[in-house]
Amino acid sequence: MVGLKPSEVPPTTAVKFLGAGTAACFADLFTFPLDTAKVRLQIQGENQAAQAARNVRYHGVLGTILTMVRMEGLRSLYNGLVAGLHRQMSFASIRIGLYDSVKQFYTPKGSDHSSVTTRILAGCTTGAMAVTCAQPTDVVKVRFQASIHLGPGCDRKYSGTMDAYRTIAKEEGVRGLWKGTLPNVTRNAIVNCAEMVTYDIIKEKLLDYHLLTDNFPCHFVSAFGAGFCATVVASPVDVVKTRYMNSLPGWYHNPLDCMLKMVAQEGPTAFYKGFTPSFLRLGSWNVIMFVSYEQLKRALMKVQILRESPF
């Protein structure tokens, strides 16, 4: 057995909620530079004049990271990290922590197993709920990641994360904090289904066929498969979401207009800009998050049982 042994008592909803948010923050700390590189690659070509003025051009994941470090410093890879952690504590806690509870809610009474349809419905529900709550944090995160700072003389639009929330609400209205909610709901419904349902099914089959036991190798394989599936199906929506949330007021009329302009100006391959960092990020993020999540659930349950024990 690798890691903590599963608890005899099933994890409570509160344990799953807290464990999911904490594990997601842990995963973000390791994979945030890849996410930032993905955002820079996705918006490349959107505002060519501004990028040309700065002589900034990105080529591939490693090239993007090296260019950012050379021109903006190492800290640029973590622009928006605070907002990213805000996002995970509110976002992952709901979409991952409440998945099992919602899945059980949709499962017919008397049924031993949840169908694929039920799991997909649960994934869509928790994904949409999470976006509704966490959208402002995502908008601020993307704004920080997309901003280019080429030295101390370069003006910064936001002095910090809380200032960004205030400034966006002041300049664009409260609706500005929920900019891109529709493409983000679509993206995260897809991502959540791909991640949670794929992880759920792969893990279940590995255990049912006794290929692996409920420990680290099983969680690793299941998480890697979930990350790959999520990247393939979600990349087009993710690019549209990133560009729309980062755009200036009036740049695009709506997400559909953003999508049509992308196809007209850059072709359909624009939908998969940043695919490699997306996969590297989602794949590694899923592995770190799910492995941490499984261990945190067990650790938190042990703490809870010890607290409730009379001896």
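Predicted model: local features only at pLDDT ≥ 70, side-chain atom pairs only at ≥ 80, totals over all residues.
Reader: Which residues make the contact?

Author: From α4 you have R87, F91 and R95, and from α9 there are R187, N188, N192, E195 and M196. Sorted by class, the contact of α4 with α9 has four charged, two polar and two nonpolar residues.

Reader: Switching topic: how many cavities of 30 Å³ or more turn up in the whole structure?

Author: One, from a search of the whole structure. About 190 Å³ of space lies in this largest cavity.

Reader: Which residues lie nearest its centre?

Author: K38, R87, R187, R281 and L282, out of 21 residues that line the largest cavity.

Reader: Nice. Which elements give two or more residues to that lining?

Author: They are α1 (13-43), α4 (81-95), α9, α10 (216-246) and α12. The largest share comes from α10, with six residues.

Reader: And how do the lining residues of the largest cavity divide by class?

Author: Ten are charged, six nonpolar and five polar.

Reader: What about open spaces? How much space lies in the second largest pocket?

Author: About 780 Å³ for the second largest pocket. It has 31 lining residues, and D100, K103, D200, K203 and K297 are the closest to its centre.

Reader: Which elements give two or more residues there?

Author: For the lining of the second largest pocket, those are α5, α9 (181-208) and α12 (275-308). The most comes from α9, which gives seven residues.

Reader: How does that lining divide by class?

Author: There are 13 charged, twelve nonpolar and six polar residues around the second largest pocket.

Reader: You mentioned α5. How do α5 and α6 cross?

Author: Helix α5 (residues 99-106) and helix α6 (residues 116-146) have axes that come within 9 Å and cross at roughly 130°. That makes α5 oblique to α6, and their crossing is right-handed.

Reader: Who's touching whom?

Author: On the α5 side, Y99, V102, K103 and Y106. On the α6 side, T118, R119, L121, A122, G123, T125 and T126. By class, the residues of the α5 and α6 contact are five nonpolar, four polar and two charged. K103, in this contact, is also among the residues closest to the centre of the second largest pocket.

Reader: Last one: at what angle do α6 and α10 pack?

Author: About 80°, and their axes are 9 Å apart. α6 and α10 are therefore roughly perpendicular to each other.

Reader: Which residues meet there?

Author: Q135, D138, V139, V142, R143 and A146 in α6 meet K241, T242, M245 and N246 in α10. That contact of α6 with α10 splits into four nonpolar, three polar and three charged residues.

Conventions. Residues numbered from 1 in each chain as written. Heavy atoms only, no water. Axes fitted to C-alpha atoms, helices over the stretch in contact; angles between N-to-C directions. Helix = DSSP H or I, 4+ residues; strand = E, 2+ residues; numbered from the N terminus. Parallel < 35°, antiparallel > 145°, perpendicular 65-115°, else oblique. Left-handed = near helix turned anticlockwise from the far one by under 90°. Contact = heavy atoms within 4.5 Å. Nonpolar A, V, L, I, M, F, W, Y, C, P; charged D, E, K, R; others polar. 1 Å grid on protein atoms, 1.4 Å probe; cavity = no way out; pocket = protein on both sides within 12 Å on 5 of 7 lines; lining within 4 Å. Points joined across faces, edges and corners; volume = space filled by probe spheres on them.
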